[in-house]
Amino acid sequence: KGTMDYKDLSHCDLVVEAVFEDMETKKQIFKKLDEVCKPGAFICSNTSALNIDAIAGVTKRPEFVMGTHFFSPANVMKLLENVRGAKTSDLTIASMMEWGRVIEKWPILVGNCPGFVGNRMVNFYGGQARVMLEEGASVEQVDSAATEFGMKMGPLAMADLVGLDLGIQAKKKAGQFLPDKVFQDALVDSGRLGQKSKAGFWDYDENRKKKPSPVVAQMLEQMSKNKGIARRQLSNEEIIHRLFFPLINEGFRILQEGMAQRPADIDVCYVHGYSFPRYRGGPMFYADEVGLPVVKQTLEKIGVKPAKLLVDCVEAGVPLAKYWAKNGKAVLEQAAKLRPASKL
């Protein structure tokens, strides 16, 4: 039954907090839960990115606190990201992993870092999309390449859905709103906020059906000209590589830092949490299929420093799966020495 009284939670074996992403609000809730919940009760947070140790630190039972990050919509998405804090006990970890299976999710165990695994990597997906627009790709070409690859929506259509003005006030306060230099800022400055304004990277009709925008095409031509960029044709292969390789590179960093136990966990995260095309096996599996030297060379070409683990695999001349089978335990042990809280 529903309740407005914290005391009604006193008998619960497990409580999962799922309020909006504000650290102070979550700390207040955890203090109250710590007071009313019975000894040994697990108190978990559905946070998608906030520091689990900071949340656990306001309680007297940090060993029973853990992140349990469900993906939206939670009744549909299968992934459950279980986030281990520095003081989370093995009992809590084992219990939450089993609970995840009981409620028919795909639980993975991850370390406590900004964005954990899923959201930390997704920040790098599509970052090159804006760059490629200025180099000569069209909005429809970028999004079509992504959907032909197997994604349900392209990065620019997704940005329109979320809203191009998300976080814009913070950017303005920080003096980082630059419509003369950043194309998305230029769109916002012209009133193109995404689907909600019927205009973003795409144009939208009354039913939110998208179509290419001649206004955006003209704005892109002008932005390229202002920056002195000679527009050129980009192949779909180049677009796909530049969309996904920075994300994959961050996956290598996550493994290197001990924030995930194995490459397959990252693949599970993306297939079941972000609708990465299942038939491609997940981003880390896909990287092995494409060839890690190609990944490394592409990253260097676009000015992204390859992760040390990626470089190690290329120098060893083996795919990640084979390298991890032989060296994964040593990589995790080294990560634990450098950052004890990351030990999985």
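C12 counts as buried, at 17% relative accessibility, where buried means under 20% relative accessible area, exposed over 50%, and partly exposed in between (1.4 Å probe, protein chains only). C44 is also buried, with a relative accessible area of 0%. The structure is a predicted model, in which local features need pLDDT of at least 70 and side-chain atom pairs count only at pLDDT 80 or more, whereas totals for chains, interfaces and linings use all residues. Residues are numbered from 1 along each chain as its sequence is written, and side-chain values use heavy atoms, with hydrogens and water left out.

With a disulfide taken as a pair of cysteine sulfur atoms within 2.5 Å, the count comes to zero disulfides. C12 is in no disulfide, the nearest cysteine sulfur being that of C37, 6.7 Å away; C44 is likewise in no disulfide, and its nearest cysteine sulfur, that of C37, is 10 Å away.

A search of the whole structure finds 22 salt bridges, each being a side-chain nitrogen of Lys or Arg within 4 Å of a carboxyl oxygen of Asp or Glu. Side chains of opposite charge can pair when their charged atoms come close. The table lists some of these pairs.

| Salt bridge | N to O distance |
|---|---|
| E21 and K26 | 3.4 Å |
| R232 and E238 | 2.8 Å |
| E238 and R242 | 2.9 Å |

R232 counts as partly exposed at 37% relative accessibility, while both E238 and R242 are buried. Because E238 and R242 are four residues apart in helix α11 (residues 236-256), they are separated by about one helical turn; helices here are DSSP runs (H or I, at least four residues) and strands likewise (E, at least two), numbered from the N terminus.

R242 is also one of the residues touched by Q128, together with P246 and I302, not counting residues up to four places away in sequence, a contact being heavy atoms within 4.5 Å. Q128 is placed in helix α5 (residues 127-135) and counts as buried at 12% relative accessibility.

According to an unreviewed UniProt entry, the annotation "domain: 3-hydroxyacyl-CoA dehydrogenase C-terminal" covers residues 115-204 and 239-302; such annotations may be inferred rather than shown by experiment. The span 115-204 is 51% helix and 2% strand, with its end C-alpha atoms 31 Å apart, and the span 239-302 is 73% helix and 0% strand, with its end C-alpha atoms 12 Å apart.
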